[in-house]
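Look over the sequence and the model first.

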Amino acid sequence: MLAGELYRLLMAGADRDRDFTRHVLACSLALAHGERGRKLDAALGLSANHVTALLLTHFPHAAAFVADRLAFDGQGDQPASLEEPDLRQLLLDNRATNGPEGVWLAHIIARRSLESNHLWQDLGLRDRSDLSRLMRDFFTPLALANMRDMKWKKFFYRTLCQNEGVLICKSPVCDNCDDFAICFGAEDGHSLLAQNARVSA
Ligand code: SF4
């Protein structure tokens, strides 16, 4: 199944703004499903049990259909890099909700942050404003700490380094830093999910 088709199946006509949680989970599931070379749970940084619970909770109408067609790695939540557990924990420690969605999204964001595009793209989202809302809704303390809207991957790794007492910045103050544009510049680009749907059409 193509990524765009899977997104539409998962959403089943739901409004992506009104049912935002479902939208962001459907985006990540659909984009990760379309990737070659690794199974869905590994592409999302989730255990197979997490993926199953996510499907049953938010996409019960499609859970059986999807589960029949998707293979699991079985080790999806095992770290894929040295820094992934720290980033996952940073997100878990800053959850604004009590439900499992915050846990699933912490895993998904930590895993997708290892990809090479803008984070909003590698989450399959429409644009950067989707990611801003996701962070505000689910990881509010981090959204408040990033009031100046630093690129999220930059923000995450700067925070992790600061927590470890590691100085990675060229300047103590962002406004005086030669790298300001790198950390705060625009994150334009195409939605990878929309691109995938067009290429596959
Ligand atoms: S702009 Fe400079 S000081 Fe600010 S986070 Fe980036 S590298 Fe660090």
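Predicted model: local features only at pLDDT ≥ 70, side-chain atom pairs only at ≥ 80, totals over all residues.

## Ligand shell and fold

The shell around the ligand holds five nonpolar, one polar and three charged residues. Here Ala, Val, Leu, Ile, Met, Phe, Trp, Tyr, Cys and Pro count as nonpolar, Asp, Glu, Lys and Arg as charged, and the others, Gly among them, as polar. The shell consists of Arg158, Cys169, Lys170, Ser171, Cys174, Cys177, Asp179, Phe180 and Cys183.

Residues are numbered from 1 along each chain as its sequence is written.

The chain has 13 helices and zero strands. Helices (H or I, at least four residues) and strands (E, at least two) are DSSP runs, numbered from the N terminus.

| Property of the chain | Value |
|---|---|
| Buried residues | 35% of 201 residues |

Buried means that 20 or more other C-beta atoms, placed from the backbone, lie within 10 Å of the residue's own.

The largest nonpolar core has 48 residues, and Tyr7, Cys27, Ala30 and Leu131 have the most contacts inside it. Helix α2 (residues 20-33) gives the largest share of this core, eight residues. Such a core is a set of buried Ala, Val, Leu, Ile, Met, Phe, Trp, Tyr and Cys residues joined through C-beta atoms within 7 Å.

Methods. Buried ≥ 20, exposed ≤ 12 C-beta atoms within 10 Å, placed from the backbone. Near = placed C-beta within 6 Å.
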